[in-house]
Amino acid sequence: MTSHAAIATSAATKAGAEIRKTAPRGAHLAVMGLSHAYRKSDGLVLDDISFDVRPGDVLALLGRSGCGKSTLLHMLSGLAMPSGGEVVINGNTVTEPSPKWVMMFQAPSLYPWMTVAQNAALGLRFSRRGHEIARRVPEVLDLVDLKSFAGRNVQELSGGQQQRVALARSLATNPEVLLLDEPFSALDAFTRRSLQRDVRAIARDLGLTLVIVTHDVSEAVRMADRVLVLDANPGRIAEDTGVALDEVQREGGCDRFNAEHMRLMDLYTRVAHGDPADASDDNEKY
Ligand SMILES: Nc1ncnc2c1ncn2[C@@H]1O[C@H](COP(=O)(O)OP(=O)(O)OP(=O)(O)O)[C@@H](O)[C@H]1O
C-alpha cells in the first residue's frame with residue numbers, strides 16, 4: 001500500500017469510528033420478482049430479478065453495457081418504478097427516493113459556484129434538515145478526508161476530490177443504503193483505487209449497505225462481499241457468488257486476490273461474452 005493510500009484509509013477509518021455512534025446501521029434490502037419494460041411494445045429489460053442484501057454487506061452488480069444495471073439501480077433508489085415485482089428496504093416497499101437510500105452517479109454533479117461545504121450540505125438542505133448542517137458537514141468532510149477543503153470552490157478540486165464531495169453529500173443525511181452507479185469509472189487508476197478502498201472502509205465503519213454497479217471485474221473483487229453477474233436481453237441474474245477475501249487481500253498483488261479475480265473474470269466472460277478471449281479489453285490486466 002502506498003503511504004498516501006494508507007493515510008487516506010486511516011483517516012476514513014478514524015473519522016468513521018467517531019461518527020459511528022450517531023449513524024444508523026445499514027438496512028436489509030430485498031428485491032422480489034422484479035421485471036421492467038420501458039414501453040409495453042418493447043421487450044423486458046429486466047426479468048424476474050430476486051436477491052437480498054444483508055445489512056452492512058457490499059453487493060456488486062456486474063454485467064456488460066446495456067444489460068440493465070443502471071435500470072435496476074434506479075428501481076432500488078425509487079427514482080423509477082418497476083413494471084413488476086418490488087423493492088423492499090427494512091420491510092418498506094420503495095415507492096420514491098428517500099434520504100435513507102441515496103444514489104451516487106459517475107459524474108459528481110456538484111454546483112460549481114458553491115464551496116465544498118455548501119455542496120456537502122445540499123442533501124440536508126433539500127430534506128429540510130438545515131439545523132444539522134453545522135454538526136454534520138464537518139463530520140462527513142472529515143470522513144472523506146476533505147476537512148481542510150471545506151471553504152474551497154469545488155471547481156478547484158480534482159475529479160477524485162469532487163467525487164469525495166459527492167460522497168460526503170450522500171453520507172450527510174445518514175443513509176442506510178448507498179447505491180453507486182459506476183462512480184469511479186471516469187477517474188485514473190490510482191485515484192479509483194484509493195476511492196474504492198476508502199468507500200469500502202467508510203461503509204464498513206458505518207455499517208452501511210452498499211450496492212455498486214460496475215463492469216469492472218477488479219472493482220467488484222476489491223469492493224464487494226458478493227457479486228451478481230447479470231445476463232443481457234433481458235437482464236437476469238446468471239451468477240450469484242461471494243468474494244472470499246479479507247481487507248489486506250483486497251489490496252491485490254497476492255495469490256488469493258489473483259485467484260478470486262480470475263474466477264470472477266471467468267464467470268463474467270462466460271455470461272457476458274460467451275468466450276473469455278473476447279473480454280480481454282474490458283478490464284485492467286494483472
Ligand atoms: N429511458 C429509457 N427508455 C428506453 N430504454 C431505455 C431507457 N434507459 C435505458 N434503456 C434501455 O434499457 C437497456 C438497459 O439500459 P441500462 O442503462 O440499464 O444498462 P446498463 O447495464 O446500466 O448499461 P451501461 O453499463 O452501458 O451503463 C438498454 O437496452 C437501454 O437502451
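Biologist: What area is buried between domain 1 and domain 2?

Modeller: About 1,000 Å² is buried between domain 1 and domain 2, and carbon and sulfur atoms give 71% of that. Buried area here is the accessible area (1.4 Å probe) that two parts lose on being put together, summed over both.

Biologist: Which residues of domain 1 lose the most area to domain 2?

Modeller: Pro 99, Leu 195 and Ile 202, which together make up 44% of what the domain 1 side buries.

Biologist: What sort of model is this?

Modeller: A predicted model: local features need pLDDT of at least 70, side-chain atom pairs count only at pLDDT 80 or more, and totals for chains, interfaces and linings use all residues. Residues are numbered from 1 along each chain as its sequence is written, and side-chain values use heavy atoms, with hydrogens and water left out.

Biologist: Where do the domains run?

Modeller: Domain 1 is 29-100 + 176-273, and domain 2 is 110-174. Those bounds come from an automatic or database domain assignment. The two centres, taken over C-alpha atoms, are 25 Å apart.

Biologist: How many salt bridges between domain 1 and domain 2?

Modeller: One. Arg 164 and Asp 198 form a salt bridge, with their closest N and O atoms 3.1 Å apart. The rule is a side-chain nitrogen of Lys or Arg within 4 Å of a carboxyl oxygen of Asp or Glu.

Biologist: Switching to the ligand. Which residues come nearest?

Modeller: Ser 65, Gly 66, Lys 69, Ser 70 and Thr 71, out of 13 residues around the ligand. A residue counts if one of its heavy atoms lies within 4 Å.

Biologist: What does Lys 69 do there?

Modeller: One of the polar side-chain atoms of Lys 69 is 2.8 Å from an oxygen atom of the ligand. For Ser 70, a backbone N or O atom lies 2.9 Å from a ligand oxygen. Tyr 38 has a polar side-chain atom 3.4 Å from a ligand nitrogen.

Biologist: Back to salt bridges. How many are there by this rule?

Modeller: The count comes to 18. One of them pairs Arg 136 with Glu 139, at 2.8 Å from N to O. Both residues lie in helix H5 (residues 133-143), three residues apart, about one turn of the helix.

Biologist: Which peptide bond is cis?

Modeller: The bond from Asn 233 to Pro 234, with omega near -5°. Pro 234 sits in the loop between strand E9 (226-231) and strand E10 (236-242).

Key: Polar contact = N/O pair within 3.5 Å; in protein donor to acceptor, adjacent residues only side chain to side chain. Helix = DSSP H or I, 4+ residues; strand = E, 2+ residues; numbered from the N terminus.
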